[in-house]
Amino acid sequence: MSHLYFIHHAQTESFYIGSTTQGMIRWASHLSALRNNRHENTRLQRTYNKYGAQGWAFELFDIQNGLERVVEQRIINRVFQHLDCMNLNKSVVNPPLNNT
């Protein structure tokens, strides 16, 4: 099963959109990187460093296998310019851009 996921920080209303086939394992991977100050997404990392571990939510949505990247791209196309979007790259197929 494939999944689309949203990471949301309640206090800042900021969010990140991704896709995975690993479900909750992916969330654990994000948390581990954030806790160790090693997340590749500097916007996520800075928000975590400033506000700590409280207030984060992870929402997982089932998507038909093979469509997760298409759906993710369509959503990112709509929200990328939103100030609260923490995705660093508008394209889901390119490696993340480190926004330092």
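The exercises below work through a predicted model of one protein chain. Residues are numbered from 1 along each chain as its sequence is written, and side-chain values use heavy atoms, with hydrogens and water left out. Because the model is predicted, local features need pLDDT of at least 70 and side-chain atom pairs count only at pLDDT 80 or more, while totals for chains, interfaces and linings use all residues.

**Exercise 1. State which elements the protein chain has and in what order they run.**

Step 1. Helices (H or I, at least four residues) and strands (E, at least two) are taken as DSSP runs, numbered from the N terminus.
Step 2. Three helices and three strands are found in the protein chain.
Step 3. Read from the N terminus, the order is β-β-α-α-β-α.

**Exercise 2. Compare the radius of gyration of the protein chain with that of a compact globule.**

Step 1. The radius is taken over C-alpha atoms, and the globule rule is 2.2 Å times the number of residues to the power 0.38.
Step 2. For 100 residues a compact globule would have a radius near 13 Å; the protein chain has 13 Å, so the two agree.
Step 3. Along the principal axes, the C-alpha atoms fill a box of roughly 35 × 25 × 25 Å.
Step 4. Of the 100 residues, 40% are buried (under 20% relative accessible area, with exposed over 50% and partly exposed in between; 1.4 Å probe, protein chains only).
Step 5. Contact means heavy atoms within 4.5 Å. Among contacts between residues at least 6 apart in sequence, 60% join residues at least 24 apart.

**Exercise 3. Find the salt bridge in the structure and describe its two partners.**

Step 1. The criterion is a side-chain nitrogen of Lys or Arg within 4 Å of a carboxyl oxygen of Asp or Glu.
Step 2. Searching the whole structure gives one salt bridge.
Step 3. The partners are Glu72 and Arg69, whose closest N and O atoms are 3.9 Å apart. Side chains of opposite charge can pair when their charged atoms come close.
Step 4. Both residues belong to helix H3 (residues 68-79) and are three residues apart, about one turn of the helix.
Step 5. Glu72 is buried at 5% relative accessible area, whereas Arg69 is partly exposed at 42%.

**Exercise 4. Locate Glu13 and Asn37, and give the phi of each.**

Step 1. Most residues other than glycine have a negative phi, and most peptide bonds are trans.
Step 2. Glu13 is not a glycine, yet has a positive phi of about 65 degrees. Glu13 sits in the loop between strand E1 (2-9) and strand E2 (14-20), and is partly exposed at 46% relative accessibility.
Step 3. Asn37, also not a glycine, has a positive phi of about 55 degrees. The loop between helix H1 (24-35) and helix H2 (42-51) holds Asn37, which is partly exposed at 49%.
Step 4. Not counting residues up to four places away in sequence, Asn37 touches Gln45 and Asn49.
Step 5. Asn37 and Thr12 are 25 residues apart in sequence, and their C-alpha atoms are 19 Å apart.

**Exercise 5. Decide whether Cys85 is buried or exposed, and list its contacts.**

Step 1. Cys85 lies in the segment after H3.
Step 2. At 3% relative accessibility, Cys85 is buried.
Step 3. With neighbours within four places in sequence left aside, Cys85 contacts Phe15, Arg43, Val79 and Phe80.
Step 4. Cys85 and Val70 are 15 residues apart in sequence and 18 Å apart in space, C-alpha to C-alpha.
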